[in-house]
Amino acid sequence: MPSLREFLLSKDYCRIRLFPTVTNHLEMKAKINGVEGSFILDTGASSSCIDFSYAEKFNLRSEDSEVLAAGAGATDMITKLSRKNSIQIQKWKYHRLDIVLFDLTHVNTALENHNVAQVHGILGADLLNQGKGIIDYQYNCLYLK
């Protein structure tokens with residue numbers, strides 16, 4: 001019987017290494033519109049998001065959004081929406097990712113309080129759904145197709 005890794009690679013999934021932090025988050029690198037950044041993979045986040053302060057860095061064109069964001073320790077946060085962005089995670093690519101922009105200070109403050117480097121954003125369930133994501137927690141890997 002093949003291992004999970006062998007099976008998924010035979011089905012054309014890409015294997016992406018995840019890096020656990022001391023806060024038990026899973027961190028990864030990704031390129032948004034060709035620009036590399038650090039992101040937390042969050043299965044509980046419905047949308048992928050980036051902090052307002054990095055909009056220019058990742059070449060994000062945004063429009064006002066009437067949706068208010070809520071997350072761990074923060075509610076009713078103003079958001080903007082950036083549509084049809086490209087993302088590349090190692091060999092895996094997608095060219096129509098909508099990204100929510102909002103203030104991620106609360107996330108980065110929590111990371112800093114544990115001596116963990118800040119992140120540019122969060123990759124959420126929207127990305128996992130699009131890439132038919134499978135997380136192998138035993139080996140800290142994400143598979144996307």
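Biologist: Is strand β4 enclosed or open, and how many of the 7 residues are buried?
Modeller: In this predicted model, 5 of the 7 residues of β4 (residues 35–41) are buried, so the strand is largely enclosed by the rest of the structure. Buried means under 20% relative accessible area, exposed means over 50%, and partly exposed is in between, with a 1.4 Å probe and protein chains only. Strands are DSSP runs of E with at least two residues, helices are runs of H or I with at least four, and both are numbered from the N terminus.

Biologist: What is between β3 and β4?
Modeller: The two form a hairpin with 2 residues between them, and N33 in the turn has a positive phi of about 50°.

Biologist: And how do β4 and β11 run, parallel or antiparallel?
Modeller: Parallel, with 3 bridges joining β4 to β11 (residues 121–123). There, L41 has L123 as its bridge partner.

Biologist: Which ring does F39 pair with?
Modeller: By the pairing rule, the count of aromatic pairs is 2. F39 and F58 form a tilted one, 5.9 Å centre to centre with 50° between the planes. Rings of Phe, Tyr and Trp (its six-membered ring) pair if their centres lie within 6.5 Å; planes under 30 degrees apart are stacked, over 60 edge-to-face, and the rest tilted.

Biologist: Why does that pair tie parts together?
Modeller: F39 lies in β4 and F58 in the loop between β5 (49–51) and β6 (63–64), so the pair ties together parts that are 19 residues apart in sequence. Both F39 and F58 are buried.

Biologist: What about W92 and Y94: stacked or tilted?
Modeller: Stacked, at 6.3 Å centre to centre and 20° between the planes. W92 is buried at 6% relative accessible area, and Y94 is buried at 14%.

Biologist: Which residue lies over the face of F58?
Modeller: K57 does, at 5.7 Å from the ring centre. A charge sits over a ring if NZ of Lys or CZ of Arg is within 6 Å of the ring centre and within 35 degrees of the ring normal.

Biologist: Where is H120, and what is it in contact with?
Modeller: H120 is in the loop between α2 and β11, and counts as buried at 16% relative accessibility. Leaving aside neighbours within four places in sequence, the contacts of H120 include F39, F58 and K57. Contact means heavy atoms within 4.5 Å.

Biologist: New topic. Which helix holds T105?
Modeller: T105 lies in α2 (residues 105–112). T105 is partly exposed, with a relative accessible area of 44%.

Biologist: Last one: in what order do the strands of the open sheet come?
Modeller: The order is β1-β13-β12, and the pairing is antiparallel. The edge strands β1 (14–17) and β12 (134–136) each pair on one side only.

Methods. Residues numbered from 1 in each chain as written. Predicted model: local features only at pLDDT ≥ 70, side-chain atom pairs only at ≥ 80, totals over all residues. Heavy atoms only, no water. Pairing = 2+ DSSP bridges.
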